[in-house]
Amino acid sequence: MALALSREDLLEAYRRMKTIREFEERVHVEFAKGGIPGFVHLYAGEEASAAGVCMNLNDDDKIASTHRGHGHCIAKGVDVKGMMAEIYGKRTGTCHGKGGSMHIADLDTGMLGANGIVGGGPPLVCGAALAAKFKGKGGVAVAFFGDGASNQGTTFESLNLAAAWKLPAIFVAENNGYAEATGAKFSVACGDVSTRAVGFGMPGITVDGHDFFAVYEAMQTAVQRARRGDGPSLVEVKLDRFFGHFEGDNQSYRAPDEVKNVRANKDCLKRFSERASQQYNISAQELTTIDHEVAKLIDEAVAAAVAAPEPAPEDLLTDVYIKY
Amino acid sequence: MARKISFQQAINEALDQEMARDPTVILMGEDVVGGTGSDGEMDAWGGVLGVTKGLYGKYGNRIMDTPISESAFVGAAIGAATCGMRPVCELMFIDFLGVCFDQIYNQAAKFRYMFGGKARTPVVIRTMIGAGFRAAAQHSQCLYPIFTHIPGLKVVIPSSPYDAKGLLIQAIRDDDPVIFCEHKALYTMEGEVPEESYTIPFGEAKVVREGSDVTIVALARMVNMAQKAAANLAKDGISCEIIDPRTTSPFDEETILESVENTGRLVIVDEATPRCGMAADISAMVAQKGFNFLNAPIEMVTPPHTPVPFAGSLEDLYIPSPARIEAAVRKCAEYA
């Protein structure tokens, strides 16, 4: 299949991936310093998935995310400064400091929310896809979920409902090999999550999640199918996380040099840069320029978040209901 | 005034009128059409008790049968609500909340707050409550206190056809998630209902019967039980004021407190189990805010703290009866 990406698109894809990487590496550092409260689950290493998926989507399309949601937010276009402030629990945050890392949502960009509940997103995506179907403008909805959520009943129910209702939905299983500390080799009894698609009467495919182009192409097929009205697909993206399940996880369940090897040999940004230069004539200089811009953006985001005000005491009681 | 129709017809009419008025109103649930994918006729059931019968013929694919997958379709209703639709989703029995609760209390209820006031989730979950059908422990409960406990949800419990129609139309137009509880023993109850569309605001209790000696607060089917008890008590000169809160979230404290200020005596009748239930909640509220009004200890008439039994003889003992309400009122009235 022809890649539907222009040079500008590729640079944009790189920018999104690089932004996610910088964002997460920086959150890792700032969390260790004690500046960030609560539970934080980092997406670094998995950038090709978020970018490969979301480069196929437009603003009207919806995504639902997971506890490991920063990458999905950035790839879908959520404001990075608002996100950083949210992670710091500040009033200027995307959710005014009332959601935090696990609940960043931005309905204006079609980001229906990170989710603290494993398997919480797929049912919601069925609804987003149903709404798109009623609107009749070719919109689609994407559920990101992990290998852990691939074992949740909500996910199975949603796959079945999406197929029964022939919804324009795409289920993206990001299999990073671990549900918290438990290996997918044990917990995903069928091996590849994508094989489960057969049981729900939809196409399923497993792709290398370290390869932006592989993810992009698989998603392109799935999105086109959904937009045509032919129903849902399951795309399994196999990848590795650079950090632990949460910040503070010593990762002793992983092999001694596992993360080191992943960083050295499976870095999706390195792979992207190589192919972009060899096949699409994108220069190192162009990417470096983006790197600098991204670094500046993240610096500014952290500085602004640190300086931003806490929510006001009266915020405790607001926005429980629209009207009560 | 109006013609008389049943509680069930009132709900059907509310759905019909709102679907006609607003194209974003859609219905989904198990057998709400009844017949999808089967070899016989469509709209064969129109809901397990026929409450949505006839709507498929008028609105076609806006009313959808679902697989028996409560998490998926309740979640889908919620997701569609965040994307501009106004879904009315049927959870056949409230007892089934266990297979979909996460979508309701962790997702729908919290979006508005967690997302900093940016989400709008105008979903209605209609669900059957109540004992009396020999339907046993998993199809007879009154679990609305569980929903009432959750900030972000609104909980509506009508006790008459008139209230059912007005409150359901309000629920559909409301922008927050609403749990709409329909007592299955009330479906055949007839009452005067205007043909035209109307709404009843949430958080406004109804004084069902005026009286001066004892205040009775009751919900759903217990309102009728309380009325029977009050009619008997009136013969003995005991005047009961009956208040139906109609919604447990939001909750009208004022009407109850005003009544208790008048009567000085309070009996709460609730079909939910007693621990952490509405009776306990209302009792605590009045003890705290109306302590000086009280001339007698508050009486609570509830089922025992047991599951709902199957055998008719036991179920009849389980459900608060007019006789038990009468006894509680007498005890309260006689306390000096």
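Before we start, one term: two residues are in contact if their C-beta atoms, placed from the backbone, lie within 7 Å. Keep that in mind when you hear that one part packs against another. Also remember that you are looking at a predicted model. For chain B, the mean pLDDT is 97, and 100% of its residues reach 70 or more. For the complex, the predictor gives an ipTM of 0.95 and a pTM of 0.97.

**Stop 1: helix H11 of chain B**

Select residues 322–334 of chain B, which form helix H11. Now color B:Ile325, B:Glu326, B:Ala328, B:Val329, B:Cys332 and B:Ala333, which are buried in H11(B). Look down the axis: the buried residues fall within an arc of 165°, so they line one face of the helix. What do they pack against? Show strand S10 (214–218), helix H7 (221–235), strand S11 (240–244), strand S13 (266–269) and strand S14 (299–301) of chain B, and you have the answer.

**Stop 2: helix H9 of chain B**

Next, pick residues 278–289 of chain B, helix H9. Its 12 residues should span 16 Å at 1.5 Å a residue, which agrees with the 16 Å between its end C-alpha atoms. Buried here are B:Met278, B:Ala279, B:Ile282 and B:Val286. Seen down the axis of H9(B), these buried residues stay within an arc of 100°, so they too line one face of the helix. Their cover includes helix H5 (144–148), S10, S12, H8, S13 and S14 of chain B. On the face turned away from the buried side of H9(B), find the exposed B:Ala284 and B:Gln288.

**Stop 3: a cis bond**

Zoom in on B:Ser249 and B:Pro250, which are joined by a cis peptide bond with omega about 0°. B:Pro250 sits in the loop between strand S12 (247–249) and helix H8 (253–263) of chain B.

**Stop 4: the nonpolar core**

The largest nonpolar core has 206 residues, and A:Ala169 and B:Val329 have the most contacts inside it. You already colored B:Val329 among the buried residues of H11(B). Helix H8 of chain A (residues 212–228) gives this core its largest share, nine residues. Now click A:Ala169: leaving aside residues up to four places away in sequence, it touches A:Val125, A:Cys126, A:Ala129, A:Val140, A:Ala141, A:Ala143, A:Ala162, A:Ala226 and A:Pro232.

**Stop 5: where the chains meet**

How many residues does each chain bring to the contact? Chain B brings 34 residues and chain A brings 36 residues. On the chain B side, helix H3 (70–82) and helix H4 (101–114) each supply at least two residues, and H3(B) has the largest share, with 10 residues. That side of chain B divides into 15 nonpolar, 13 polar and six charged residues.

**Stop 6: two positive phi angles in chain A**

Select A:Glu180, in the loop between strand S4 (178–179) and strand S5 (182–183) of chain A. A:Glu180 is not a glycine, yet has a positive phi of about 55°. Finish at A:Asp319, in the segment after helix H11 (284–307) of chain A. A:Asp319 is not a glycine either, and its phi is positive, about 65°.

Note on methods
Residues numbered from 1 in each chain as written. Chains lettered and ligands numbered in written order. Predicted model: local features only at pLDDT ≥ 70, side-chain atom pairs only at ≥ 80, totals over all residues. pLDDT = per-residue confidence, 0-100. Core = buried A, V, L, I, M, F, W, Y, C linked by C-beta atoms within 7 Å. Buried ≥ 20, exposed ≤ 12 C-beta atoms within 10 Å, placed from the backbone. Helix = DSSP H or I, 4+ residues; strand = E, 2+ residues; numbered from the N terminus. Nonpolar A, V, L, I, M, F, W, Y, C, P; charged D, E, K, R; others polar. Expected span 1.5 Å × (residues − 1). Arc of directions from axis to C-beta.
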